[in-house]
Amino acid sequence: MEHQKRTSFPNHFLWGSASAAYQVEGAWNKAGKGPSVWDIFTKKEGMTYKGTNGDVAVDHYHRYREDVALMAEMGLKAYRFSIAWSRIYPIGKGKVNEQGLQFYDDLINELLSYDIEPIITVYHWDVPQALMDEYGAWESRKIIDDFTKYCITLFKRYGDRVTYWVTMNEQNVFIGLGYQAGIHPPGVKDTKRMYQANHIANVANAKVIQAFRKYVPAGKVGPSFAYMPGYPLDSKPDNVLAFENVEEQRNYWWMDIYAFGQYPQIMWNFLEAHSLAPVVEPGDMELLKEAKPDFMGVNYYRSGTVESNPLDGISMGTMNTTGKKGTSSESGVPGLFKTVKNPFLEVTNWDWEIDPIGLRIGLRRIATAMDYQF
């Protein structure tokens, strides 16, 4: 809709910024920290842009005080940061690393001294390498207990000062790019394994939310999701159906579990028909329905446009990883959809659509889905 006058954000709105531990901290092997999968993966030839890695990054581990002072100078009201699992538990479990816990104590206290709201992301993709080596990380249900124990350690340590907690940042990204596209750790290209790892991550997320209620009863908790709203290329019915398919497969598959504790039936039927459905153990769905989050964070970067894709059509395409515009190629799921260029949008040098209105569209769709459910 067009507005005659836009309303202002409320005074209590938390304008802020966010980071990931591996992106900013550095000190990858200092003060008792163990290696994460990203510490190992980025050192393999050809895995990152120009061979870059996070060994030093912006050295936030050593410079957090001046970083927080800059945040205050910018007028930030909130800062969401992730905690490096292997800085707390160097091998993912067992003996806790007090130096790691103290670093985040100091960071939280520094933020509070400037009246900046600390928001913790407990997992931003950097599973300890030791757990990957031991049992395959998110491909094993063993990770559910290890992840829960790690999170409880954080809840008990920081729950007296931190109100807002994000359980998993962009599960659809670290699962999709790690187990289907193969360009994130562990570099797997297997759709069946991807859906199984995703289900295990869903159960782990629910288990952690359940524990949160006990240890931080006054807090708020939920996952964040990288939402890419879809558009049909045109009004051709086959392309509109492709749009419905992409929303189910790329968006509602994750969001419905978070909000409603169930997988969308249309996509479940598709996965079963193609022998891709995950193994669901007794009690899983009951836990997913019970452990509802207080919120779902939405990370929005771009929209996507699709058209129909026949059963013998294209599947995984090429992602632009060089910053050279035009090097990505069409991709899709045979029988569901195929991605195409939107003729009405410009793109970045990484071939990402520049679409600010897409955020409004995406949030409207989420709000409508919640209205219908309740």
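Visitor: How many bridges join strand β8 to β10, and in which sense do the two strands run?

Guide: Two strands pair if DSSP finds at least two bridges between them. Here, strand β8 (residues 304-307) is joined to β10 by three bridges, and the two run antiparallel. Within this pair, threonine 305 stands opposite valine 340 in β10. Please note that this is a predicted model, in which local features need pLDDT of at least 70, side-chain atom pairs count only at pLDDT 80 or more, and totals for chains, interfaces and linings use all residues. Residues are numbered from 1 along each chain as its sequence is written, and side-chain values use heavy atoms, with hydrogens and water left out.

Visitor: What defines a strand or a helix, and which strand forms a hairpin with β10?

Guide: Both are DSSP runs numbered from the N terminus: helices are H or I with at least four residues, strands are E with at least two.

Visitor: Are the residues of strand β10 buried or exposed?

Guide: Buried means under 20% relative accessible area, exposed over 50%, and partly exposed in between (1.4 Å probe, protein chains only). In β10 (residues 337-340), Phe337 and Thr339 point one way, Lys338 and Val340 the other way, and all are buried.

Visitor: Which strands pair with β3?

Guide: Strand β2 (residues 78-82) is joined to β3 by five bridges, in parallel; there, phenylalanine 81 has isoleucine 120 as its bridge partner. Strand β4 (residues 164-169) also pairs with β3 in the parallel sense, over three bridges, and threonine 121 has valine 166 as its partner in β4. As for β3 (residues 117-121), four of its five residues are buried.

Visitor: At what angle do helices α7 and α9 cross?

Guide: Axes are lines fitted to C-alpha atoms, for helices over the stretch in contact, and angles run from 0 to 180 degrees between N-to-C directions. The axes of α7 (residues 142-158) and α9 (residues 191-215) come within 9 Å and cross at roughly 30 degrees. The two helices are therefore roughly parallel to each other, a term for angles under 35 degrees. Contact means heavy atoms within 4.5 Å; among the residues making it are Phe147 and Phe155 of α7 and Val203 and Phe212 of α9.

Definitions and conventions:
Parallel < 35°, antiparallel > 145°, perpendicular 65-115°, else oblique.
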